[in-house]
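Subject: Structure for your review

Dear colleague,

Please find the structure below, followed by an account of what was found in it. I would ask you to keep the structure open while you read.

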Amino acid sequence: MNSSKAIVGRPASLCREFYARPAIELAPALIGTILVHRIRGREYRARLVETEAYVGQHDLACHASKGRTKRTAVMFGPPGFAYVYLIYGMYDMFNIVAAAEGDAQAVLVRAAEPLDGWKADLSGPGKLCRALRIGRAENGLDLTGEKLFLRPPGGEKSRIVRTPRVGVDYSGDWKHELLRFYDADSNAVSKPRRADAQPI
DNA sequence: GCGTCGATGGCA
DNA sequence: GCCATCGACGCG
């Protein structure tokens, strides 16, 4: 066994540099990582199994394509921060800011598997936020802190596949881009699973 | 099992 | 007037 765990005081969490890369690279790298949310004396943990990359201002499905606004400001900031927004009047969406400051890219977290025997349905971005208590109050939160953060994958490497993103039919040619990633062996992936999913 | 539809509010 | 959604409903 690796003895470093006994030496280091607390388990490693992902650092700023991990997030400082293009969303198309970060999105698959996040599959298998452990999301931790410490809130009101409790700790919610879940293993990420589905993500989507939103790759910048030229991406017509990316909120940043409308330019810098009050809502999208966080995406234009440095990587490793939470971008949380309200959709359809009732669901919050949790995104992780990627790439360098000024380059508005982000990764949407779409699904996860609850850990520690926690029974929860995290198979969809709205359901995931509700169950993990992630809302607009967490918008702009630094994910390298101790309240909401990620830990490196444990165990075996995931078999990742890619498909078009969900719910972006309005975005012209961008709707065809294979920017959704998921763990092909997880049963917590949100509904449109696809038979034509491509190996990564 | 599928398609359709309404809820609901911030934003441009 | 849109939405990076979800769950309820009606079908047969």
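Which backbone atom of Gly126, by element, lies 3.0 Å from a phosphate oxygen of DNA strand C? The atom is a backbone N or O atom of Gly126. This pair is a polar contact, meaning a pair of N or O atoms within 3.5 Å; within protein, one atom must be able to donate a hydrogen and the other to accept it, and residues adjacent in sequence count only if both atoms are side-chain atoms.

Please note that this is a predicted model, in which local features need pLDDT of at least 70, side-chain atom pairs count only at pLDDT 80 or more, and totals for chains, interfaces and linings use all residues. Residues are numbered from 1 along each chain as its sequence is written, chains are lettered from A and ligands numbered from 1 in the order in which they are written, and side-chain values use heavy atoms, with hydrogens and water left out.

The protein chain

Chain A contains four helices and nine strands. These are DSSP runs numbered from the N terminus, with helices (H or I) of at least four residues and strands (E) of at least two. Along the sequence, their order is α-α-α-β-β-β-β-β-α-β-β-β-β.

The C-alpha trace of chain A spans about 50 × 40 × 30 Å along its principal axes. A compact globule of 200 residues would have a radius of gyration near 16 Å, and the 16 Å of chain A therefore agrees with that value. The radius is taken over C-alpha atoms, and the globule rule is 2.2 Å times the number of residues to the power 0.38.

Of the 200 residues of chain A, 48% count as buried. Buried means under 20% relative accessible area, exposed means over 50%, and partly exposed lies in between (1.4 Å probe, protein chains only). Among the contacts in chain A with a separation of 6 or more, 60% come from residues 24 or more positions apart; contact means heavy atoms within 4.5 Å.

DNA strand C

A residue is near a strand if one of its heavy atoms lies within 4 Å of it. There are 20 residues around DNA strand C, and Tyr85, Tyr91, Asn95, Gly167 and Tyr170 come nearest. Of the atoms of DNA strand C within 4 Å of the protein, 59% belong to sugar and phosphate.

By class, the surface near DNA strand C has twelve nonpolar, five polar and three charged residues. Here Ala, Val, Leu, Ile, Met, Phe, Trp, Tyr, Cys and Pro count as nonpolar, Asp, Glu, Lys and Arg as charged, and the others, Gly among them, as polar. At least two residues of this surface come from each of β3 (82-87), β4 (91-98), β5 (105-114) and α4, and α4 gives the most, with four residues.

An N or O atom in the side chain of Tyr91 is 3.0 Å from a sugar or linking oxygen, while one in the side chain of Arg110 is 3.4 Å from a phosphate oxygen.

DNA strand B

Around DNA strand B are Thr69, Arg71, Leu86, Tyr88, Gly89, Met90 and Arg136. They divide into three nonpolar, two polar and two charged residues. Sugar or phosphate supplies 55% of the atoms of DNA strand B within 4 Å of the protein, and bases supply the rest.

The side chain of Thr69 has an N or O atom 2.6 Å from a phosphate oxygen of DNA strand B. The bases are approached by backbone atoms: a polar one of Tyr88 is 2.3 Å from a base oxygen, and an N or O atom of Gly89 is 3.4 Å from a base nitrogen.

Ser123 is in the loop between β5 and α4 and counts as buried because its relative accessibility is 17%. Its side chain makes polar contacts with the side chains of Asp121 (2.5 Å) and Lys127 (3.3 Å). Beyond its neighbours within four places in sequence, Ser123 is in contact with Arg110, Ala111, Ala188, Val189 and Ser190.

Arg40, in the loop between β1 (34-39) and β2 (42-54), has a positive phi of about 50° although it is not a glycine. Arg40 counts as exposed because its relative accessibility is 62%. Arg133, in the loop between α4 (125-132) and β6 (148-151), has a positive phi near 60°. With 37% relative accessibility, Arg133 counts as partly exposed.
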